[in-house]
Amino acid sequence: MGLRQDLDALLAKATSAGLYNAAGNVLPQDRFAVDENILSAYAQNKWTLGKWEVLAGLRVESVDLESRGVAVASGVQTPMTAKQSYTDLFPSIHVNYEVTDDIQARFAVISGVARPSFGEIRTSVSVDDIAETVSGGNPDLKPERAFGFDTALEWYLPGAGLLSASAFYRQIDDVLFDSHRMVGDDRYGAARRDYTYVTTLNGSDGKMAGLELAYMQQWRFLPGPLSGFGFQGNVTFLDGEFKTPEGIKSAFPGLSDTLVNASIFYEKYGLSARLSYQWRNDWLDEPSADATDHTYWAATEQLDLSLRYQVRDGVTVYFDASNLTDETGMRYQGHANRPIEAEGVGRRFMGGVRFNF
């Protein structure tokens, strides 16, 4: 709130001085106000019995929202206001079991919510009567709610090491995703109920599951200078789907089936060096209403290098290199042989000296 007040005061001064004109710098359909009030309370308790530890809790949240903006059509601005109120209960329980001094087993049943951003629930939209589209926010959006479990088995190794296997499962309702559908009502005028509404929508019946295998360790058992070497890596397998408002099953946007991360590092004699590799397979970018024109990003990989050397206490020189192999991202529609966008950010190099006082 304080930052917003400071910004408003600064913009008011700039406007008075003729240095800023909101109407000329921000389009009407991009101007909006959202008031969100959250009242919350929680209770929790922890029990320890031998090798068992149990933490249970319950959180209650009551939310009131009001979104104000305009619908802009043919240069005419129509004020619009929308309100929402809802209350959520979030129970959780976490159980830890010490199998041995070096092995821990964990299990948790959790619930949570992901609220849409202010931009996604804004009432402001732009209406194009020629293309018959309405583009902008969706003040009717509901929060994305999830319930499920996490489980993990962790083996702590010498050299600050860890070998672990973890899995999770989530049931997700009101899945948030960017797509389009018909307006379907008279909120923007009876003549526009059949226009295409390009916005963020809620899906239903979402399910997601995943498995991660991870290993991290500095190999201090190696002789001499070699003991500074180590490895950190994980591979993750994911699966999930939800239903669009049309009842069509879709993958989750941004979800790859397989992700791989691997790093070779060296930490010794004031030197910190890390060569990192990341890879993920194709993932859905934006679902289409009839599932025939989904857009996807093709599989991507990246190789990065990070170097640090402590010259003396408080003085460190560094060098970072990103995207060493100069990868290009490719977006396609429906099938990889229908590319619609190629995105290349190039290699990036950065170096310098850091001083700590």
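## Basis of the description

The model is predicted, and local features need pLDDT of at least 70, side-chain atom pairs count only at pLDDT 80 or more, while totals for chains, interfaces and linings use all residues. Residues are numbered from 1 along each chain as its sequence is written, and side-chain values use heavy atoms, with hydrogens and water left out.

Strands of a sheet pair through backbone hydrogen bonds, either parallel or antiparallel. Strands (E, at least two residues) are DSSP runs numbered from the N terminus, as are helices (H or I, at least four residues). Two strands pair if DSSP finds at least two bridges between them. In this model, an open sheet is built from four strands in the order E16-E17-E20-E21, with antiparallel pairing. Its edges are strand E16 (283–286) and E21, each of which pairs on one side only. From one strand to the next, the twist averages 25 degrees; the axes behind such angles are lines fitted to C-alpha atoms (for helices over the stretch in contact), and angles run from 0 to 180 degrees between N-to-C directions.

Within this sheet, strand E17 (residues 295–297) is joined to E20 by three bridges, and the two run antiparallel. Tyrosine 296 stands opposite tyrosine 332 in E20. E20 and E21 also pair in the antiparallel sense, over five bridges. Glycine 329 has glutamate 343 in E21 as its bridge partner. E20 and E21 form a hairpin with five residues between them, and glycine 334 in the turn has a positive phi of about 80 degrees.

## Proline 339

Where is proline 339 found? Proline 339 belongs to strand E21, which covers residues 339–344. Leaving aside residues up to four places away in sequence, proline 339 touches Met330, Arg331 and Tyr332, where contact means heavy atoms within 4.5 Å. Proline 339 and tryptophan 297 are 42 residues apart along the chain, and their C-alpha atoms are separated by 9.5 Å.

## Strands E4, E7 and E8

Another set of antiparallel pairings involves strand E7 (residues 144–157), which is joined to strand E4 (residues 103–114) by twelve bridges. Valine 109 stands opposite phenylalanine 149 in E7. E7 is also joined to strand E8 (residues 161–173), by 13 bridges, and these strands run antiparallel. The bridge partner of tyrosine 156 is leucine 162 in E8. E7 and E8 form a hairpin with three residues between them; glycine 159, in the turn, has a positive phi of about 75 degrees.

## Aromatic pairs

A pair of aromatic rings is described by the distance of the centres and the angle of the planes. The structure holds eleven aromatic pairs (rings of Phe, Tyr and Trp, the last by its six-membered ring, with centres within 6.5 Å; planes under 30 degrees apart count as stacked, over 60 as edge-to-face and the rest as tilted). One of them is the tilted pair of phenylalanine 177 and phenylalanine 242, with 5.0 Å centre to centre and 55 degrees between the planes. Phenylalanine 177 lies in strand E9 (residues 176–182) and phenylalanine 242 in strand E12 (residues 229–243), so the pair ties together parts that are 65 residues apart in sequence.

## Cavities and a pocket

Rolling a probe the size of a water molecule over the atoms shows where empty space is left. On a 1 Å grid over the protein atoms alone, a cavity is a set of points where a 1.4 Å probe fits but cannot get out, and a pocket is an open set with protein on both sides within 12 Å along at least five of seven lines; lining residues have an atom within 4 Å of a point. Grid points are joined across faces, edges and corners, and a volume is the space filled by probe spheres set on the points. The whole structure has two cavities of 30 Å³ or more. The largest cavity holds about 50 Å³ of space, and its lining consists of Leu65, Glu66, Ser67, Ala82, Lys83, Gln84, Ile121 and Pro139. Strand E2 (52–73) and strand E3 (76–98) each give two or more residues to this lining. The second largest cavity has a volume of about 40 Å³, and its lining residues include Glu36, Tyr86, Arg115 and Phe118.

The second largest pocket has a volume of about 310 Å³. Of its 17 lining residues, Thr300, Glu301, Gln302, Glu327 and Gly329 are the closest to its centre. Among the elements that give two or more residues to this lining are strand E18 (300–312), strand E20 (328–333) and E21.
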